[in-house]
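Please prepare a briefing on the structure shown below for a reader who has not seen it before.

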Amino acid sequence: MLIDTHLHLYKEYYKDIDKVIKEAKENKVYYLINNGCEKNSNKEVIKSIDKYQNVYGAIGIHPEEVENYSLEDIEYIKNNIDNAKIVAIGEIGLDYHYSKDNKEKQKELFAKQLMIAEENKLPVIVHSREATEDTINILKKYQVTGVIHSFSGSLEVAKLFIKMGFLLGINGVITFKNCNLKEIIKNIGLENIILETDAPYLTPVPNRGKQNSPKYILDIAEFIADVFDITLDEVATITTNNVKKLYTKMVIEKNQ
Ligand code: NI
């Protein structure tokens with residue numbers, strides 16, 4: 001059994017969410033963690049976890065939404081944090097790729113949400129793009145664990161995050177040509193990673209060009225099995241175990 005620990009299962013991307021979930025199950029991907037990014041998607045996450053037994057959720061304000069969010073949106077996160085199926089605060093973090101002139105505002109929003117996670121003892125799902133140093137410095141101030149989603153840094157940075165108690169989220173990017181992630185995960189070991197699609201983005205090989213979907217976790221897992229020269233079952237067992245340890249609110253049944 002495999003788990004997609006990071007995707008954006010929103011109506012604006014998927015016309016038939018029932019079908020997406022069914023196809024995922026047919027490909028051994030049983031549990032999904034739907035990640036919100038702002039007001040509307042956070043509400044959609046809550047609806048999806050109410051509707052689907054195998055869908056869990058994370059709610060948060062994404063750094064790209066820093067100019068658009070209101071305090072009400074932060075209140076919404078606080079008010080829904082006790083939901084039994086909200087397993088993390090995410091997707092949150094820093095993104096200096098498009099905009100560097102609002103760094104301070106981004107840091108403030110990130111810190112605000114880390115504080116909520118710390119107070120409620122929930123893990124965080126971190127988006128860090130071209131902002132490694134600031135991400136590390138802010139995370140160090142809080143007693144939180146979590147995952148560095150879509151990890152793409154160096155081996156040195158990978159080791160640093162792991163030392164801080166974080167797992168690395170590995171997605172379809174690892175299957176791309178000329179990607180150095182293979183060497184990095186070989187070095188850090190399977191016990192430090194969890195699998196994600198980041199659907200609808202970043203479709204893995206061999207389905208590049210199609211819309212990404214949680215069913216493609218299977219392609220990522222098979223790729224990783226080849227990297228380590230182990231079986232798909234071993235990849236599933238180890239990564240599922242990592243998920244269980246991190247997301248303690250998830251109820252993962254055996255034999256799914
Ligand atoms: Ni994402």
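**Strand pairing and the metal site**

Strand 2 (residues 29-35) and strand 3 run parallel and are joined by four bridges; two strands count as paired if DSSP finds at least two bridges between them. Helices (H or I, at least four residues) and strands (E, at least two) are DSSP runs, numbered from the N terminus. This is a predicted model, in which local features need pLDDT of at least 70, side-chain atom pairs count only at pLDDT 80 or more, and totals for chains, interfaces and linings use all residues. Residues are numbered from 1 along each chain as its sequence is written, and side-chain values use heavy atoms, with hydrogens and water left out.

- Asn35 stands opposite Ala58 in strand 3.
- Strand 2, helix 2 (residues 39-51) and strand 3 form a right-handed β-α-β unit; a crossover is right-handed if, with the strands pointing away from the viewer, the path from the first strand over the helix to the second runs clockwise.
- Strand 3 is also parallel to strand 4, with three bridges joining the two.
- In this second pairing, Ala58 stands opposite Ala88 in strand 4.
- Strand 3 (residues 55-59) is mostly covered, as five of its five residues are buried; buried means under 20% relative accessible area, exposed over 50% and partly exposed in between, with a 1.4 Å probe and protein chains only.
- The cover extends to both faces of strand 3, with Val55, Gly57 and Ile59 buried on one side and Tyr56 and Ala58 on the other.

**The nickel site**

- His6 (NE2), His8 (NE2), Glu91 (OE) and Asp198 (OD) coordinate the nickel ion at 2.1 to 2.3 Å; donors are N, O and S atoms within 2.8 Å of the metal (3.2 Å for Na, K and Ca), and sites may look incomplete because water is not among the atoms.
- The angles among the four donor atoms range from 81 to 172°, and the site of the nickel ion is irregular.
- Four donors count as tetrahedral if all angles lie between 85 and 135 degrees; four count as square planar and six as octahedral if opposite donors are over 155 degrees apart and all others between 65 and 115; anything else is irregular.
- The spacing of the donor residues in sequence is H-x1-H-x82-E-x106-D.
- Glu91, in strand 4 (residues 86-95), and Asp198, in the loop between strand 8 (193-195) and helix 8 (217-228), link distant parts of the chain, 107 residues apart.
- Glu91 is buried at a relative accessible area of 3%, and Asp198 counts as buried at 8% relative accessibility.

**Asp95**

- Asp95 lies in strand 4 and is buried, with a relative accessible area of 3%.
- The side chains of Asp95 and His127 are joined by a polar contact of 2.7 Å; such a contact is a pair of N or O atoms within 3.5 Å, where within protein one must be able to donate a hydrogen and the other to accept it, and residues adjacent in sequence count only if both atoms are side-chain atoms.
- A polar atom of the Asp95 side chain also lies 2.9 Å from the backbone nitrogen of His97.
- Not counting residues up to four places away in sequence, Asp95 touches Pro63, Glu64, Gln106, His127 and Arg129, where contact means heavy atoms within 4.5 Å.

**Backbone features in loops**

- The peptide bond between Ala199 and Pro200 is cis, with omega about 15°, and Pro200 lies in the loop between strand 8 and helix 8.
- A cis peptide bond also leads from Val205 to Pro206, with omega near 10°.
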